[in-house]
Amino acid sequence: MPRSEDEREDALDRAVRALARRDHSAESLRAKLERAGVSEPARDAALETLAGIGYVDDERFARDRAERLAARGYGDDWIRADLEAQGLAREAAETAVAGLEPERERALREARKLAAGPRAARALQRRGFSEEAVESVAAGPVADDP
């Protein structure tokens, strides 16, 4: 078997093993293969194969990761930055964030866990909630919500 074919199979094997542990964006998988010393043609071939069979799907990855981060109490700004750090285009990050429960509702839920007041507002700011969401929590009846 030619060397390039061996390298392509190795790249595909490495990529599949990485995806077995957790989902990746195409760019994060590309970077992982690059760090492993896989050539660009082999990386491209592996990613093309995996995208073709649906194992690598940036839209799905963005949506799922955004939902997980929102469920863990992060705001839109944090989620957007995380998705971009994963190598996703700004448009994909925006689309994923737009599909989430409204940020204000998530901020209210998080504030209830923390008890209202300045402490909750600071925690929300650290977790990437927008200024508007933090202000709505500070102005709203957080303690009275069910």
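Q: On the other side of α3, which residues are exposed?
A: The model is predicted. In it, P41, E48 and G52 are exposed on the other side of α3. Exposed means over 50% relative accessible area.

Q: Which residues of α3 are buried?
A: They are A42, R43, A46, L47 and L50. Buried means under 20% relative accessible area.

Q: What makes the buried residues of α3 line one face of the helix?
A: Look down the axis of α3. The buried residues fall within an arc of 125°, so they line one face.

Q: How do you know that the span of helix α3 agrees with its number of residues?
A: Helix α3 covers residues 40-52, which is 13 residues. The expected span is 1.5 Å times one less than the number of residues. That gives 18 Å, and the end C-alpha atoms are 18 Å apart, so the two agree.

Q: Why is V16 called partly exposed?
A: V16 sits in helix α1, residues 3-21. Its relative accessibility is 35%.

Q: Which residues form a nonpolar patch on the surface with V16?
A: I53 and Y55 do, and together the three have about 290 Å² of accessible area.

Q: Why is L108 called buried?
A: L108 belongs to helix α7, residues 103-114. Its relative accessibility is 9%. The cut-off is under 20%, so L108 counts as buried.

Methods. Residues are numbered from 1 along each chain as its sequence is written. This is a predicted model: local features need pLDDT of at least 70, side-chain atom pairs count only at pLDDT 80 or more; totals for chains, interfaces and linings use all residues. Side-chain values use heavy atoms; hydrogens and water are left out. Helices (H or I, at least four residues) and strands (E, at least two) are DSSP runs, numbered from the N terminus. Buried means under 20% relative accessible area, exposed over 50%, partly exposed in between (1.4 Å probe, protein chains only). The arc is that of the directions from the helix axis to the C-beta atoms. Patches are made of residues with over 30% relative accessible area and no salt bridge: like charges are joined within 9 Å, nonpolar side chains (Val, Leu, Ile, Met, Phe, Trp, Tyr) within 5 Å. Accessible areas come from the Shrake-Rupley method with a 1.4 Å probe; for residues, only the protein chains shown count as cover. A salt bridge is a side-chain nitrogen of Lys or Arg within 4 Å of a carboxyl oxygen of Asp or Glu.
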